[in-house]
Structures are given as structure tokens and as C-alpha cells.
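This report looks at the ligand site and the nonpolar cores of one protein. Please keep the sequence and the structure in view while reading.

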Amino acid sequence: MSLEIYSPVQQIKNELFAGKSIQVFIKRDDLIHPTISGNKWRKLKYVLLQAQVQNKTHLVTFGGTYSNHLLATAAAAAKFGFKATGIVRGEEVENDTLFLCKLHGMQLIFTDRDSYRDKPALFAKFFADDEQAFFIDEGGASAGGAKGVSELVDELTDTYDHIFCACGTGTTAAGIINGLTKHNHPTHFNAVPVLKNGGFMKHEIDKFLAPPANYSLHLNYHFGGYGKTTPELIQFIKQFVADTGILIEPIYTGKMLYAMYDLAAKDHFKPGSKILAIHSGGIWGLLGMKDKF
Ligand SMILES: *Cc1c(COP(=O)(O)O)cnc(C)c1O
């Protein structure tokens, strides 16, 4: 498996940041791969290597109808020669994400919301007799996922006062924090949960931290909950894309960057601070949100 990473760090300059005397950069994990985008590539790396070591040829994973993880797994399976099945929450529908999953050869099984809660039971129900089947949890949440993400920090040639990242399962946040600890970076990590009542995210992140570490959770930037938006968020995204030429979307990266800009405007960062935002990819998520723009 060739797993080379292209993810440059670029500076974002504007009047807000100049006025606050801060420097802001963005790590372009969205450029790693067009469909296996951003953190999903990093999270899948050790999971796929583990599947390969165990001679498994069939990846089985889980997601909602707009899951970036399902699409990333479908594309990674196609690229690296695995068969793939996606178990999808809810009744059968068609949308752009699922179209792309199928285009990459992924088989889809739709399941009701109750049975979806017990993923090991679903795996057993459909694949007990398939010795080639390999279980990958929803969103790629796993210690292997965090390990893959921690390598993001190996690539940094500079240190930052703050790093910002969007979080869903918390695996990506945990991986970056572990990488910062390993390299002794004096960086404060800022996680922006994209779900409502994201306080539980602390438990999810801490599960994968070795050793424990301090970080901030910014709980007020969920815009109503997972997949929810507001006109302010959409307006921010339009302005950001038009100003920078960098695509972002309302589910993850839009919320994280809104948080960072809002905190900058509110003098949260000391003058002279250097801040790095992680563009974790996921821009296909825009397809499901077109009607909001
Ligand atoms: C899945 C995803 C996340 C969330 O990553 P977790 O490891 O689940 O917290 C963040 N950003 C994007 C673009 C994603 O697709």
C-alpha cells in the first residue's frame, strides 16, 4: 500500500487576523485524496493495514446516509483492492454520497435505527459466515485510527500556540493530541464538537489519549446539532470560500473555522499567537447541503 501524504500548511491573511496581530494557518488534509479525504485517510491507514495482515479482503463498516466515512471506506476499498459493504442507518434512500459509494463498488445494506445501535450484532447477523469480513466501526473510531491521525503532527515543521480541529467521534482530536504530546509541542489543542451537548466528547477523546492531556472543548459552535446549520454559518462559509479559494462545508470544517474566527474576534488569542486549523476534508458533504445555500 502506498500511503504517501500531501497536506501543505498555508497561511490565511485578512484584516481580522492582522488587526488582532495573530497568524493563522490551515493544514490542507482536504488535499490528501479527492474521495478518501482528510482525516478519514489517516484514520483508515492502520485499520487497512490490520485487515491486510489478517488476510481479510472484505471491509464492512457503518454510517448515516451522508457519511464521509462510508464514502472514504468505499473509495479506499476500491483503491487498495478490498470488497466493501456499508451498513446504512435508516430506510433505503438515494443521495449523492450513497451514489458515490455505489460507484466505488460498495454494497449497501439499509437498516432501521434500532438495530443500527448494535453494530457488532449487525456484523454477526450478516457476516457470521464470511471469514473475509473485517469490522470497521462507525466513523473509523479506533485506537488504530488515532494512531494514523497522530502522524499529522510528524509532518509539522513549525510549532503553533493553538491547533483547532472539528470533532465527531473524537478520534481525530485524540490522535492530534497524542502527536503533540509525543513531540513535546507547547501547543494548546482546541476541539470543536459538531454535535449538540458535545460535553460527552471529553470521554470519547480521553479514551484514546496516552498519556492524558489538557485541551479545550468549544461547545457552543454546533449550530443546532449534527448536520444542522444556520444562515450565519452558511454566510460565513460563502465568505470564507470566496475569500480564500478553499472549499469548506457546514457539517465539520465550517463550524470549526467559524469557532476559530469568532474566538479571534473576541480576543481569545494573545497578540503574536500562531494558530493552525486542520482542514479535515469532507467537502463532499456540501452535496447534501446545497439547498441551504
Ligand atoms: C469525520 C470527520 C470529522 C470528525 O472526525 P472524528 O475523528 O470522528 O472526530 C471531522 N472533519 C471531517 C471533514 C470529517 O469528515
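## The ligand site

A polar contact is a pair of N or O atoms within 3.5 Å. The model discussed here is predicted. In it, a polar backbone atom of glycine 168 lies 2.8 Å from an oxygen atom of the ligand. Side chains take part as well: lysine 40 has a polar side-chain atom 2.6 Å from a ligand oxygen atom, and threonine 169 has a polar side-chain atom 2.6 Å from an oxygen atom of the ligand.

How much of the ligand's accessible area does the protein cover? On its own the ligand has 390 Å² of accessible area, and the protein covers 98% of that. Around the ligand there are 15 residues, of which Lys40, Lys43, Thr169, Thr172 and Ser280 come nearest.

## The largest nonpolar core

In soluble globular proteins, nonpolar side chains tend to be buried together. In this model the largest nonpolar core has 30 residues. Phe17, Phe164, Phe240, Leu257, Met260, Tyr261 and Phe269 have the most contacts inside this core. Two or more residues each come from strand 2 (23–28), strand 7 (162–167), helix 10 (231–244), helix 11 (253–265) and strand 10 (274–279). Helix 11 gives the largest share, seven residues.

Leaving aside neighbours within four places in sequence, Phe269 is in contact with Ile22, His162, Phe164, Met260, Leu263, Ala264 and Ile275.

## A separate core

Methods. Residues are numbered from 1 along each chain as its sequence is written. This is a predicted model: local features need pLDDT of at least 70, side-chain atom pairs count only at pLDDT 80 or more; totals for chains, interfaces and linings use all residues. Side-chain values use heavy atoms; hydrogens and water are left out. A nonpolar core is a set of buried Ala, Val, Leu, Ile, Met, Phe, Trp, Tyr and Cys residues joined through side-chain atoms within 4.5 Å. Buried means under 20% relative accessible area, exposed over 50%, partly exposed in between (1.4 Å probe, protein chains only). Helices (H or I, at least four residues) and strands (E, at least two) are DSSP runs, numbered from the N terminus. Contact means heavy atoms within 4.5 Å. A residue is near a molecule or strand if one of its heavy atoms lies within 4 Å of it. A polar contact is a pair of N or O atoms within 3.5 Å; within protein, one must be able to donate a hydrogen and the other to accept it, and residues adjacent in sequence count only if both atoms are side-chain atoms. Accessible areas come from the Shrake-Rupley method with a 1.4 Å probe; for residues, only the protein chains shown count as cover.
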